[in-house]
Amino acid sequence: MRRTSVRLFLLAAVMLAVGGAILPTVVGAQSPYSTISPATDQANDINDIYKLTFWLSLVVFVGVQVGILYTVLRYRRRRADEGRPEQIHGNKTIEIIWTMIPAIILLIVFIPTVRTIYAHADQVENPDLVVEVYGKQWWWEVHYPAADGEMQVVTANEIHIPQGKRVVFHLFTNNVIHSFWVPQLSGKMDLIPGHVNKLAIDTDRPGYYFGQCAEYCGDSHALMRFKVIVEPEDQFQAWQEAWRAGPGQASGDLAGGDIAAVPEGMALCMTCHEINGIEAVAGGNAVPDLPEELDAARTFGPNLTLFGCRTTLAAGTLRNTPENLTSWLHDPESIKPGNYMGTVIKPGVLADDQIQEIVTYLESLQPEAGCGEIPVQPGVTEQVQVQDPD
Amino acid sequence: MASIAQPQVMAQPITKPATGLWSWLTTIDHKRIGIMYGVTAFLFLLLGGVEALIIRSQLARPNLDVVSAVRYNELFTMHGTTMIFLALMPMSVAFFNYVMPLQIGARDVAFPRLNAYSYWIFLAGGIILNLSWFFNAAPNAGWYGYSPLTSTAWNPGRNVDFWLIGLQVLGVASMLAAFNMIVTVINMRAPGMTMMRMPIFSWTTLIVSILLVMAFPAITAALILLAFDRYAGTGFYEYAAGGDPLLWQHLFWVFGHPEVYILVLPAFGIVSEVIPVFSRKPLFGFSVMVYATCAIAFLGFGVWAHHMFTVGMGPTANAVFAGGTMLIAIPTGVKIFNWLGTMVKGSLRFTTAMLFAVGLVSQFVIGGLSGVMHASPPVDAQQNDTYFIIAHFHYVLFGGTVFGLMAGTYYWFPKITGRMLDERVGKWNFWLAFVGFNATFFPMHFVGLAGMPRRYFTYSEDSGWGPWNLFITIGAFVLATSFLVFIINVVKSLRNGEIAPDDPWDAATMEWSTSSPPPVYNFASIPQITHRDQLWWDKYGDHGAGASGAVRKAPAPKEHVDPSSIHMPNPSYFPLVSATGFLIMALGLLLDNPVLTIGLLHLPILVPIGGLIMVVGIYAWAFEPAG
């Protein structure tokens with residue numbers, strides 16, 4: 001009996017240690033949102049503390065579980081008439097020891113924690129580039145700095161940033177609280193009305209990094225995804241130039257080939273959306289009276305400049321294809337519950353031929369030189385997140 | 001049961017307790033109120049469980065459409081609110097009510113009618129919260145209701161109103177119950193029961209009640225400000241009006257973090273009773289356990305902002321709150337080790353109660369360790385609001401609280417009902433719960449590390465979260481079956497379970513010295529307390545070191561006391577009347593009803609009507625003869 005117990009408990013110890021060590025690491029890394037596949041110094045700092053806490057926890061976990069198992073097997077009552085065991089009320093020395101052990105372990109975690117907190121706090125004060133991010137229900141607006149007289153680049157849901165720079169995100173919201181989170185780049189930081197929070201990352205490898213809103217913000221909180229696109233400096237500059245230049249000549253399949261010839265149906269769109277270089281849309285649909293609940297904080301939709309280069313629609317909900325854009329323009333509510341575009345664009349508001357014109361037009365909004373490829377390096381995910389509608 | 005010889009089964013008390021619905025509606029007996037709390041809370045637990053199963057069904061695969069996004073958001077809000085306020089807290093209160101007065105040798109709580117009033121108001125709060133489903137306006141802003149998502153601008157429906165009025169009503173119930181428990185413990189202990197002779201569960205009752213009294217005012221104030229913002233157009237939480245959404249977060253978590261200890265400490269108290277009894281050894285380091293409970297409760301008030309590491313409080317605040325949070329791990333660790341120390345060199349008997357108790361020790365460690373991980377703000381910045389957190393606090397609130405409450409149920413069921421729960425079915429119950437619980441919540445660590453945020457009604461295929469989510473959903477259904485087994489056990493045992501003797505477990509505390517179930521007056525004569533673990537002392541004499549193998553003493557002959565000579569308060573229906581008024585008043589703020597306009601005052605008619613009933617009820621009860 002005794003030997004079986006010892007074997008059992010040794011086996012359990014080994015299984016616990018191996019299982020505990022391997023499983024979370026292997027399993028947790030299998031996602032473009034993995035919190036343990038760092039791609040910046042900041043994410044790496046965090047991961048180092050995580051690994052420290054993980055290994056310490058594993059030791060304590062295995063120690064305690066094995067202790068429990070051993071006690072349970074060793075001191076099981078074997079006979080019903082077993083006498084009362086010795087009545088031990090406590091032991092001061094032992095109790096002091098097991099008060100001290102956790103204290104020491106915690107100190108080991110606390111020191112690098114404090115160092116990292118202050119280091120990261122300092123970093124936000126020394127940016128190479130400041131990017132302003134505005135949380136909306138349920139998408140992200142991105143503003144880039146502009147020199148005097150220069151046009152400010154404004155985009156949505158896909159944040160281009162240059163490689164090898166310290167980029168500091170300044171985070172704003174004029175509605176509810178959101179949280180800006182790109183797990184591979186750094187921890188999350190909340191967007192809170194009336195507060196400006198800052199988050200620094202030192203970009204390293206070029207590629208697509210997947211982000212998402214991490215603070216519950218209403219109906220479609222789960223569909224508030226975004227991407228950070230880290231690209232070589234020259235490519236980043238070229239992208240900004242292209243944005244400022246406005247859309248190039250439209251591709252051949254656009255009626256008339258004239259980018260300024262905005263389809264009539266777009267008049268309605270332009271109530272809330274902007275396209276750089278397109279001032280207004282003549283004629284077309286009368287702008288309807290907007291529902292009462294649509295105030296300024298809601299009537300502002302994503303900037304659609306260079307829309308044809310976006311990889312997704314509706315903040316990462318759908319892959320950007322003409323078919324998906326058609327479904328979206330037909331009935332946004334069915335794809336993204338509660339979104340404000342759906343309070344105006346209901347099935348039938350836009351005629352099918354209008355939708356086709358708008359789709360063709362929007363997909364043609366690309367720089368003259370094309371969208372360009374991001375040189376994706378190994379270890380960086382290339383996937384596009386999609387949710388295809390039925 | 002067969003293993004321990006029983007001296008005798010006490011004769012039933014001479015005065016039969018009253019039966020029938022009316023006797024329950026008017027009861028002021030702490031034992032019956034305890035049962036009512038327990039049964040009601042269990043029904044709410046099942047409701048919250050069904051909500052959880054719907055949530056899990058929706059998440060079983062990517063892009064499922066089992067429920068709409070709107071419904072899903074209501075479900076997770078109500079799952080959290082229900083489990084915390086309507087299931088776990090009142091279940092703890094059920095044990096406080098039933099067990100504590102018996103443990104301290106009292107005939108009832110200090111304020112029996114107030115006790116009934118607490119229960120009825122709790123029930124009113126539960127009704128209000130769940131009535132919202134029938135108006136298609138279930139609370140939808142999360143159990144933590146972060147502003148501005150609760151403002152009329154961003155949440156114009158009645159959803160948040162149901163939530164805030166419901167919580168406010170529940171707060172009244174909690175405060176009344178807590179004061180009652182505090183006064184009872186302080187004033188009603190049997191002669192000779194000094195504080196350090198008091199059983200550890202009664203200690204826990206006292207400390208948790210003090211926590212309640214200190215924590216609830218914070219959420220009450222927070223909810224009042226929210227009510228002003230919503231009903232009167234003030235802007236306490238609105239940045240544009242000079243307020244601040246972070247004010248809500250601070251006020252909420254000043255309540256919300258102690259609330260965690262309000263939920264888990266009662267379970268700690270229960271296993272601190274169960275483990276010594278089934279180890280046949282006194283609790284290791286009794287006084288240290290008491291101090292550790294006090295320390296956890298005290299430190300629990302200084303760590304609220306660890307829920308807010310990502311709101312941008314700045315490095316100093318984050319570092320300080322990280323340090324405070326880590327400190328709590330020390331007294332908590334002491335508890336774990338002391339439970340282990342109690343078992344070492346004991347004579348362990350694995351009844352279902354003991355299995356659940358040891359299960360708590362084992363599983364709570366996991367929740368504690370993951371808690372230390374995100375006590376570090378940088379790590380928290382990755383784990384906060386992900387499934388890692390969900391895993392963490394379910395290891396605390398299920399692996400801790402629910403396991404503890406189950407241990408308590410299996411332990412005290414014989415005392416409460418006079419029947420034993422079936423041990424064989426109980427083992428099935430435990431192992432299904434243990435396996436289902438771990439299958440459900442352990443993989444949540446993985447999906448959390450893989451970046452899956454909480455409160456997502458759906459996720460994409462490419463996230464890679466699909467396979468484990470399917471596994472988790474299957475685990476959740478296994479876990480649910482453990483509750484079915486529990487229900488079967490209770491029903492079966494109530495009908496034809498083994499008759500419980502007075503002291504089936506050879507226990508150490510005074511509730512086991514009276515009959516099972518106890519008479520209305522609990523004890524024929526109030527016991528004299530000379531030692532901690534008095535009942536062991538009575539049975540075995542000095543159980544100090546070296547008393548191994550002590551011979552069981554013959555039980556002292558029971559003194560015969562004529563029950564009619566014992567003064568017990570009369571039943572009263574006024575607590576129910578007054579609570580009904582309270583319910584009507586609260587509903588007046590939520591449902592469409594004619595509005596009375598007197599000058600600037602717009603009063604929905606149900607409010608003064610309900611208020612009048614409430615006041616009349618309290619007035620009548622004040623002048624009712626006590627018996």
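How many salt bridges does the rule find across the interface of chain B and chain A? The rule finds zero, a salt bridge being a side-chain nitrogen of Lys or Arg within 4 Å of a carboxyl oxygen of Asp or Glu.

A word on the model: it is predicted, so local features need pLDDT of at least 70 and side-chain atom pairs count only at pLDDT 80 or more, while totals for chains, interfaces and linings use all residues. Residues are numbered from 1 along each chain as its sequence is written, chains are lettered from A in the order in which they are written, and side-chain values use heavy atoms, leaving out hydrogens and water.

Here is the interface at a glance.

| Feature of the interface | Value |
|---|---|
| Residues from chain B in contact (heavy atoms within 4.5 Å) | 105 residues |
| Residues from chain A in contact | 92 residues |
| Buried area (accessible area, 1.4 Å probe, that two parts lose on being put together, summed over both) | about 8400 Å² |
| Share of that area from carbon and sulfur atoms | 66% |

On the side of chain B that touches chain A, H9(B) gives the most, with 16 residues; helices are DSSP runs (H or I, at least four residues), numbered from the N terminus. The residues of this side divide into 59 nonpolar, 35 polar and 11 charged. Here Ala, Val, Leu, Ile, Met, Phe, Trp, Tyr, Cys and Pro count as nonpolar, Asp, Glu, Lys and Arg as charged, and the others, Gly among them, as polar.

Conventions
Helices (H or I, at least four residues) and strands (E, at least two) are DSSP runs, numbered from the N terminus.
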